[in-house]
Amino acid sequence: MPRDQLSPLEASGSNDTSTTDVDASFDPAHTRQWLSGTDGRIATDGFSWMQAVCWFRLDGSYTADRDHGPKRLGDTTLRVAVVLARLNPCRPGVAYLMRLLKLSKRTVQYHLAILREAGLLTYRAKGTRVSGQGGMASEYVWTIPPAFDTALHLRTSASEQYLRIVRGIEDAGRKLMKRLAKMAQRLMAKPRRARSAKPAPRPSSPRRRCTPMGGSSSALSSAGTSTFPSESKLGSGNSCTSPSKKTRAPRRLNAVGRRYRLAAELVRQVPWLHRAAVPRIAWIVRHVSDAGWSSTEVIALLALQSPSRIVRRPSGFLAQRLHNAHQRFDTPARREELVNWWRDSREAEADRHTEWQGTWQAPRSRAVTRLVRGAIDAVRQGQLHEPPGQVQAGSAELTREELLAQRQAALQAFLAGDTALVTSAVDFLGREAAEGLYGADLVARALRLTRASSHLKVRALG
């Protein structure tokens, strides 16, 4: 007989067959833990064996006969059995089970003993320790005790390879068999790996190039950096081009983005808001923006009350005008009615077609400021007044007194920042006639001031 089929007493190599020694060392419980002495059948696969292990867990009839350690087949035993069910051949080392299951050495030994004592594991070859070569792990065989076959009403018959083999199952055991199959399947299912928060970077690939005409498979050409399309693409009229970039769809704004967009439109369209900070205005209009208001609807609401002559704090003034506006005009129909009223009102039409009337302030441009100061200094020194003998009549119908009065009026308008009299004379009469009417110095200063301030906008104070 082969060594793995011998009993522990025969495998020990002892030649002493006296009855006294045999009776003293004979242990039936230990003998059943070997393949040669088991009364169970060999499981054909790990899944079938796990069904038997699960039945012992549900039945709870097995109890270890010792004073220390676990005495019942529990959840930790199931964890050890799942690992054993995946090993073929089943030769688990204790250190391997400790590392894989994060269990202590003594715990692994306890639960291996439970499986052996329950008849679910039998020795094929017991582990040894060879001096200088290390130890060899024990090799087990999955076995199913007769108690399992009886409980599930299985019909078995003798088999040379598996000791016994299942031939069928009665109807009384089918329901329990399904339950054990689901339980074993759930235990043996491998847990899915959680997806990492940051995806792994894709390997960078070199830019696709056409095959050189020289026939080389390398992407680099020996003639420099120039590349040529393949002959098949030349024949079809196509050339190798780099893939075009996909046009991205316009980004959809969230609630904060819509607030900033509405604030920017109001700062651009409302004169007394043109120097306000967009983030602050976006915070003020947050309620109306979230309610779906447009810049036109906000401007129409501001027109309900007469504008203030001086707005010192534009953000505070806007917050006062928009107070509870999203509750008063809470429907699109009411806001549309407000916009229609604003478009049809005379005051709104006048505001749209008339520039803001306010007190003139000194320009912020340094160049324009120098021109204005020069003009004021020239008036104070009397440089803009022509000598009486050099006054030229711009028209034969104007007397000397009328001409001087016209010049004085143009000078006063120029000092107030209005160059319309001089520039209109230049446009309709020409520069030479305008110089004869208002003087060359005043015409030159008025034109320079007009050109320097053409890109500026007078700040509204109301």
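This is a predicted model: local features need pLDDT of at least 70, side-chain atom pairs count only at pLDDT 80 or more; totals for chains, interfaces and linings use all residues.
The protein comprises 462 residues, 32% of which are buried. Its secondary structure consists of 23 helices and seven strands. Among contacts with a separation of 6 or more, 63% link residues 24 or more positions apart. The accessible surface amounts to about 31,400 Å², and carbon and sulfur atoms contribute 51% of that area. No disulfides are present, the count being zero. Cys54 is buried because its relative accessible area, 0%, falls under 20%. Cys90 is likewise assigned to the buried class, its relative accessibility being 3%.

Four secondary-structure elements each supply at least two lining residues, namely helix H6 (94-101), helix H7 (105-117), strand E3 (128-130) and strand E4 (134-136). Of the contributions to this lining, that of H7 is the largest share, with eight residues.

Helix H7 also contains His111. This histidine counts as buried, since its relative accessibility of 7% lies under 20%. Beyond its neighbours within four places in sequence, His111 makes contact with Pro70, Thr76, Thr77 and Val80.

With residues up to four places away in sequence set aside, Phe47 touches Ala181, Ala184, Gln185 and Met188. Phe47 and Met188 are 141 residues apart along the chain, yet their C-alpha atoms are separated by 8.1 Å. The relative accessible area of Phe47 is 33%, so this residue is classed as partly exposed, between the 20% and 50% limits.

Several backbone features were also examined. In general, most peptide bonds are trans, and most residues other than glycine have a negative phi. Against this background, the peptide bond from Asn88 to Pro89 is cis, with omega near 5°. Pro89 is situated in the loop between helix H5 (75-85) and H6; helix H6 is one of the elements that supply at least two residues of the pocket lining described above.

Positive phi values occur at two non-glycine residues considered here. For His153, phi is near 55°, a positive value. His153 occupies the loop between helix H8 (146-151) and strand E6 (154-159), and its relative accessibility of 33% places it in the partly exposed class. For Leu163, phi is near 70°, again a positive value in a residue other than glycine. Leu163 belongs to strand E7 (residues 163-169). Leu163 is partly exposed, because its relative accessible area of 35% lies between the 20% and 50% limits.

Key:
Residues are numbered from 1 along each chain as its sequence is written. Side-chain values use heavy atoms; hydrogens and water are left out. Buried means under 20% relative accessible area, exposed over 50%, partly exposed in between (1.4 Å probe, protein chains only). Contact means heavy atoms within 4.5 Å. Accessible areas come from the Shrake-Rupley method with a 1.4 Å probe; for residues, only the protein chains shown count as cover. A disulfide is a pair of cysteine sulfur atoms within 2.5 Å.
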